[in-house]
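I am opening a notebook on a structure that is new to me. The entries below record what I looked up, in the order I looked.

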Amino acid sequence: MLSKSFFDRPAPDVSRDLIGATLLYEGVGGMIVEVEAYDEADPASHSFAGPTPRNRVMFGPAGHAYVYKIYGIHYCLNFVCRPGSAVLIRAVEPLHGIATMQMRRGAMPEKNLCSGPGKLAQALGIDLTQNGLALDAPPFEVLAADGVHEIGMGPRIGITKGVETPWRYVLSGSRYLSKPMA
DNA sequence: TTCTGGATTATCT
DNA sequence: GATAATCCAGAAC
């Protein structure tokens with residue numbers, strides 16, 4: 001189980017170490033295969049313009065969940081690192097509670113259950129009520145990566161600013177990515 | 001108080 | 001490949 005001190009580091013460092021780790025919410029989840037780092041100096045980050053009511057948890061203590069809604073339809077789950085920085089969880093390889101995920105997402109191949117931030121949140125049952133929850137206490141559970149993994153890096157996806165910052169981290173060769181690494 | 005755009009996904013052609 | 005769906009924070013007035 002990862003403690004809050006694990007997250008009290010620069011977001012890119014945390015991102016790299018999260019690849020291969022296991023994320024569970026109420027026992028549902030799997031291995032993290034894709035994340036992106038954001039910090040307060042990053043124009044693509046919600047924290048770029050400073051603290052606001054919506055992103056205040058990003059400026060709070062490390063090791064908490066930051067959840068927001070995008071395009072009015074989907075939720076995205078972030079792990080707060082140092083104040084103003086966070087790691088966006090983009091994809092997970094389903095390992096636990098797959099039946100529950102398929103119930104929430106509809107019957108579909110496992111590779112499509114969590115292959116994107118919005119899908120991941122839906123599969124795990126994450127919404128705004130989870131915003132600000134601690135990651136080292138139930139119903140969340142984050143387990144350290146077991147063994148060595150080959151990490152791939154590249155430009156982040158779906159943003160309009162700061163695209164040149166290569167802070168996307170993936171598990172190389174995983175079939176559960178939102179988009180294959182170039 | 002009103003207006004606009006977004007770290008996305010599903011669906012249609 | 002293109003586009004609609006749909007809500008809230010932040011900016012503008």
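I note here that the model is a predicted one. I then looked up where Arg 90 sits, and found it in strand β5. That strand spans residues 86-96.

I asked which side chain makes a polar contact with that of Arg 90. The partner is Ser 178, and the contact is 3.1 Å. I also listed what Arg 90 touches, leaving out residues up to four places away in sequence. The list includes Glu 34, Val 35 and Glu 36, and also Cys 114, Ser 115, Gly 116 and Pro 117. Leu 120, Ile 157 and Ser 178 are on the list as well.

From β5 I moved to β4, which covers residues 74-80. The two strands run antiparallel and are joined by four bridges. In this pairing Asn 78 stands opposite Leu 88 of β5.

I next looked up β3, residues 65-70. Its pairing with β4 is also antiparallel, over six bridges. Lys 69 has Tyr 75 in β4 as its bridge partner. β3 and β4 form a hairpin too, with three residues between them. Tyr 71, in that turn, has a positive phi of about 55°.

Is β4 enclosed or open? I counted it as largely enclosed by the rest of the structure, because five of its seven residues are buried.

Entry 3, DNA strand B.
I looked up the protein residues around DNA strand B and found 19 of them. Those that come nearest are Tyr 68, His 74, Asn 78, Gly 158 and Ile 159. By class, this surface has nine nonpolar, seven polar and three charged residues.

Which element gives the most to this surface? It is α4, with three residues. β3, β4, β5 and α4 (117-124) each supply at least two.

I then went through polar atom pairs. His 74 has a polar side-chain atom 2.9 Å from a sugar or linking oxygen of DNA strand B. For Ala 44 a backbone N or O atom is the one involved, 3.3 Å from a base nitrogen of DNA strand B. Taking the atoms of DNA strand B within 4 Å of the protein, I found 50% in sugar or phosphate and the rest in bases.

Last I looked up the residues around DNA strand C: Thr 52, Pro 53, Arg 54, Lys 69, Tyr 71, Gly 72 and Ile 73. Three are nonpolar, two polar and two charged. Tyr 71, the turn residue with positive phi, has a polar backbone atom 2.7 Å from a base oxygen of DNA strand C. A polar backbone atom of Gly 72 is 3.3 Å from a sugar or linking oxygen of DNA strand C. Of the atoms of DNA strand C within 4 Å of the protein, 62% are in sugar or phosphate, and the rest are in bases.

Notes. Residues numbered from 1 in each chain as written. Chains lettered and ligands numbered in written order. Predicted model: local features only at pLDDT ≥ 70, side-chain atom pairs only at ≥ 80, totals over all residues. Heavy atoms only, no water. Near = heavy atom within 4 Å. Polar contact = N/O pair within 3.5 Å; in protein donor to acceptor, adjacent residues only side chain to side chain. Nonpolar A, V, L, I, M, F, W, Y, C, P; charged D, E, K, R; others polar. Contact = heavy atoms within 4.5 Å. Buried < 20%, exposed > 50% of the residue type's maximum accessible area, 1.4 Å probe, protein only. Pairing = 2+ DSSP bridges.
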